[in-house]
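Dear colleague,

Please find below the structure for your attention. I would be grateful if you would look at it alongside the notes that follow.

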Amino acid sequence: MENLDTDKIIKYAGESKQQVIDSRDVARMIGKTHRHLMRDIRGYINDMKDSPKLDSPKFFIESSYISSQNKELPCYLLTKQGCEFVANKLTGRKGTIFTATYVSLFNEYEAEHNGKVAAIDNGLEHEKLAYKREWLIEMRKQNVNKAHELRNQDVKLYLELGKVADDYQRPRMATDFRNEAICAMQALPVGARREYSATEIGNIIGVSPIAIGKWANKLGVKRDADMSYRDREGAWRYFPEALKVFQDNALEIQDDDLGL
């Protein structure tokens with residue numbers, strides 16, 4: 001992770017002296033041009049107008065800066081909630097790294113200036129996760145058909161954050177994240193039987209979907225109707241009994257997938 005100077009990155013905004021990060025710094029952290037990030041933020045603000053619960057200044061504060069050509073140009077100051085909003089829009093490891101980066105920056109700044117121990121507080125993480133759940137609820141209201149996709153995104157995000165917590169030697173936080181992943185995996189409509197795609201199971205145990213298909217044959221999963229079936233499109237779907245078989249053989253599958 002890039003070594004960032006908190007005193008240069010963290011700023012204050014408004015009478016409340018709220019801690020914020022300049023959109024130019026955020027753009028560098030996530031590997032986007034500032035122009036593209038500004039376009040995205042304007043789109044987020046426009047979307048927020050449809051929800052009375054989302055007050056855009058709590059996320060993105062309009063500001064400006066003087067360019068090298070001595071011109072005044074627009075930018076935004078992102079609060080912690082604004083950074084979380086942007087992180088929710090990112091996918092894969094890029095979103096995970098940005099989440100770890102901005103959380104660390106805010107906490108390190110508070111530690112340096114308030115004399116507190118620099119640590120990611122468990123209560124803060126629960127607050128952040130509660131906000132993420134509220135955001136996901138709003139997303140589900142917009143498109144019910146994306147419920148399964150959002151659940152899968154939850155699972156992947158929490159598992160990735162668990163790995164980041166391990167890197168920061170935060171075992172309690174890592175356990176909380178993995179418990180959240182389990183809760184997300186258990187979130188199915190009443191009366192429905194859970195099923196998984198090869199991609200979902202691959203994400204859970206850390207291998208490719210191809211490896212899952214290969215080992216489903218090896219382990220006899222595809223021959224057992226209580227563990228799997230083939231849908232109308234010809235894709236294999238797996239039940240919880242199959243997931244347990246894959247988890248019991250996870251080390252062998254992982255080694256095989258890595259060519260070890």
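Cys-75 is buried, with a relative accessible area of 2%. Cys-83 is buried as well, at 0%. The structure holds 0 disulfides. Please keep in mind that this is a predicted model.

Cys-75 also has a place in the strand pairing, where Ser-63 stands opposite Cys-75 in strand S4. Strand S3 (residues 60-66) and S4 pair in the antiparallel sense over 7 bridges. The hairpin of S3 and S4 has 5 residues between the strands, and Asn-70 takes a positive phi near 65° in this hairpin. Strand S2 (residues 18-22) also pairs with S4 (residues 72-78), in the antiparallel sense and over 2 bridges. Here the bridge partner of Ile-21 is Leu-78 in S4.

The count of salt bridges comes to 9. One of them joins the side chains of Arg-24 and Asp-22, at 2.9 Å from N to O. Asp-22 is buried, with a relative accessible area of 2%, whereas Arg-24 is partly exposed at 27%.

A further salt bridge joins Asp-166 and Arg-178, at 2.5 Å from N to O. Asp-166 lies in helix H7 (residues 147-167) and Arg-178 in helix H8 (residues 171-185), so the pair ties together parts that are 12 residues apart in sequence. Asp-166 is partly exposed at 39% relative accessibility, and Arg-178 is partly exposed at 32%.

The side chains of Arg-237 and Glu-195 also meet in a salt bridge, at 3.1 Å from N to O. This pair links distant parts of the chain, since Arg-237 is in strand S6 and Glu-195 in the loop between H8 and H9, 42 residues apart.

Which residues of helix H11 (residues 240-248) are buried? They are Ala-242, Leu-243 and Phe-246. Seen down the axis of H11, these residues fall within an arc of 100°, so they line one face of the helix. The face turned away from the buried side carries the exposed residues Lys-244 and Asp-248. The buried residues of H11 pack against helices H9 (198-205), H10 (209-218) and H12 (250-257), and against strand S6 (236-238).

Finally, a word on confidence. The mean pLDDT of the protein is 77, and 72% of its residues reach 70 or more. Over residues 115-121 the pLDDT is below 50.

Yours sincerely

Key: Residues are numbered from 1 along each chain as its sequence is written. This is a predicted model: local features need pLDDT of at least 70, side-chain atom pairs count only at pLDDT 80 or more; totals for chains, interfaces and linings use all residues. Side-chain values use heavy atoms; hydrogens and water are left out. Buried means under 20% relative accessible area, exposed over 50%, partly exposed in between (1.4 Å probe, protein chains only). Helices (H or I, at least four residues) and strands (E, at least two) are DSSP runs, numbered from the N terminus. The arc is that of the directions from the helix axis to the C-beta atoms. Contact means heavy atoms within 4.5 Å. pLDDT is the predictor's confidence in each residue, from 0 to 100. A disulfide is a pair of cysteine sulfur atoms within 2.5 Å. Two strands pair if DSSP finds at least two bridges between them. A salt bridge is a side-chain nitrogen of Lys or Arg within 4 Å of a carboxyl oxygen of Asp or Glu.
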